[in-house]
Protein chains: 2
Amino acid sequence: MRRNPIDLSLYLVTDNTHSNLREFLNIVAQSIEGGVTVVQLRAKEASTRALIALGEALLAILRPLGIPLIINDRVDIAYAICADGVHLGQSDLNVATARAILGPQAIIGISVETLEHAILAQDEEIDYLAVGPLFPTLSKKDCGVLWRLEELNQVCALSRYPVIAIGGINETNIDSVMSSGVAGVAVISAIFRSPSPLNAAREFKKRIKQYATP
Amino acid sequence: MRRNPIDLSLYLVTDNTHSNLREFLNIVAQSIEGGVTVVQLRAKEASTRALIALGEALLAILRPLGIPLIINDRVDIAYAICADGVHLGQSDLNVATARAILGPQAIIGISVETLEHAILAQDEEIDYLAVGPLFPTLSKKDCGVLWRLEELNQVCALSRYPVIAIGGINETNIDSVMSSGVAGVAVISAIFRSPSPLNAAREFKKRIKQYATP
């Protein structure tokens with residue numbers, strides 16, 4: 001028996017530009033009020049203890065609202081804090097190992113960098129694919145070759161799992177992305193670096209609703 | 001039923017001063033020939049994929065010789081590559097979580113930075129304590145307050161688990177450390193930065209044997 005489907009429509013990935021924990025949590029809280037449906041904790045440079053502290057602070061906000069918390073890369077931390085799942089890059093643990101540690105109910109998403117990755121991912125026991133980067137972005141340096149929208153379309157057509165798009169998505173390009181059939185978009189800078197994360201999330205949400213899939 | 005006791009007498013912690021994987025593995029292989037009894041993979045700055053690659057390369061050398069491989073901090077990686085255990089600092093996952101992921105047979109060691117840590121550790125299900133730093137060292141910057149030898153003696157007297165000493169141990173101070181009743185010494189620089197890791201390990205081993213405990 002599989003877990004319930006997740007609302008992936010507006011997927012927030014955390015950035016590290018905030019100056020303190022309070023500001024960080026405030027941005028997340030605003031973005032949720034604006035309509036974010038899932039949060040991924042991504043903090044590559046943080047120590048284990050710092051990640052646990054951030055994760056637990058996020059859970060205190062998200063769990064009462066039923067919004068899933070996904071941990072980037074660190075399966076052990078997801079287990080330790082009882083997060084809802086993990087997001088794995090192509091350089092992280094493989095899906096089977098993560099699944100063995102976290103169990104069948106955990107949400108597991110993976111990043112795909114090429115069409116071949118997306119095809120291979122169909123044989124894994126995952127919950128979603130993240131396709132990116134679509135557009136240049138400030139949040140990830142050295143993020144590899146950009147995907148073309150036609151390729152994103154192809155992945156959406158072939159995938160038995162929901163697809164989200166990531167990388168430089170903002171109000172100027174979100175329509176082109178949503179039309180490709182994705183289940184949602186992942187955003188970092190467009191919310192974290194916005195003067196109003198609340199309004200930024202609301203604006204995304206409004207646009208996404210026009211493409212609502214059941 | 002608990003696992004067999006581990007020979008902790010000469011415990012090598014990996015350094016990151018090597019220029020490539022081949023050189024790194026060569027240093028480890030030499031140190032084992034010289035008498036190292038357990039190896040901890042510690043590479044704080046390495047990515048998940050890099051740690052997995054290093055860990056698997058080490059296991060290929062160590063497992064046939066029956067020498068345990070311990071992974072620093074990353075419980076998920078220890079699980080993924082079937083390493084023998086993990087070493088946890090005070091800022092890493094807690095012992096109960098690591099034990100839950102790795103199971104009862106895993107070796108779990110912890111770093112204690114104060115006498116209080118050492119006392120609290122007696123209630124955990126662990127395999128050894130690492131006390132340090134004893135002396136100033138190049139391998140770990142900002143490593144905190146140095147232990148006095150009298151405090152190390154105290155920990156050895158009170159601990160129901162084997163104690164190893166770490167931090168700046170070399171041929172000039174090893175006798176003072178071994179006399180305190182430790183089960184072994186952990187070394188990084190003294191082997192990794194030696195012109196001959198083989199001879200360095202041999203010299204350590206010779207000195208340690210004089211204090212052999214069953």
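Select Pro133(A) first. Pro133(A) sits in the loop that runs between strand 6 (128-131) and helix 6 (149-158) of chain A. Helices (H or I, at least four residues) and strands (E, at least two) are DSSP runs, numbered from the N terminus. Now show the backbone between Gly132(A) and Pro133(A): a cis peptide bond joins them, with omega about 0°.

This is a predicted model, in which local features need pLDDT of at least 70 and side-chain atom pairs count only at pLDDT 80 or more, while totals for chains, interfaces and linings use all residues. Residues are numbered from 1 along each chain as its sequence is written, chains are lettered from A and ligands numbered from 1 in the order in which they are written, and side-chain values use heavy atoms, leaving out hydrogens and water.

Go to chain B. Select Pro133(B), in the loop between strand 6 (128-131) and helix 6 (149-158) of chain B. Gly132(B) and Pro133(B) are joined by a cis peptide bond, and omega is about 0°.

**Positive phi**

Most residues other than glycine have a negative phi, and most peptide bonds are trans. Two stops here have a positive phi.

Select Cys82(A). Its phi is positive, about 55°, although Cys82(A) is not a glycine. Look for Cys82(A) in the loop between helix 3 (75-81) and strand 4 (85-88) of chain A. Is Cys82(A) buried or exposed? Cys82(A) counts as exposed, because its relative accessibility is 51%. The cut-offs: buried means under 20% relative accessible area, exposed over 50%, and partly exposed in between (1.4 Å probe, protein chains only).

Next, select Asp73(B). Phi of Asp73(B) is near 70°, a positive value in a residue other than glycine. Asp73(B) belongs to the loop between strand 3 (69-72) and helix 3 (75-80) of chain B. With 7% relative accessibility, Asp73(B) counts as buried.

**Salt bridges**

Side chains of opposite charge can pair when their charged atoms come close. A salt bridge here is a side-chain nitrogen of Lys or Arg within 4 Å of a carboxyl oxygen of Asp or Glu.

Select Arg202(A) and Glu33(A). They form a salt bridge, with the closest N and O atoms 3.9 Å apart. Arg202(A) lies in helix 9 (residues 197-209) and Glu33(A) in helix 1 (residues 21-33) of chain A, so the pair ties together parts that are 169 residues apart in sequence. Arg202(A) is partly exposed at 42%. Glu33(A) is exposed at 57%.

Now take Lys44(B) and Asp92(B). Their salt bridge has its closest N and O atoms 4.0 Å apart. Lys44(B) is in the loop between strand 2 (38-41) and helix 2 (48-62) of chain B, and Asp92(B) in the loop between strand 4 (85-88) and helix 4 (95-102) of chain B, so the pair ties together parts 48 residues apart in sequence. Lys44(B) is partly exposed at 48%, whereas Asp92(B) is buried at 13%.

Stay in chain B for Arg63(B) and Asp84(B). Their side chains meet in a salt bridge (3.1 Å, N to O). Arg63(B) lies in the loop between helix 2 and strand 3, and Asp84(B) in the loop between helix 3 and strand 4 of chain B, so this pair ties together parts 21 residues apart in sequence. Arg63(B) is partly exposed at 39%, and Asp84(B) is partly exposed at 25%.

For the last stop, select Lys44(A), Asp73(A), Asp92(A), Arg74(B) and Asp76(B). A network of salt bridges links them.
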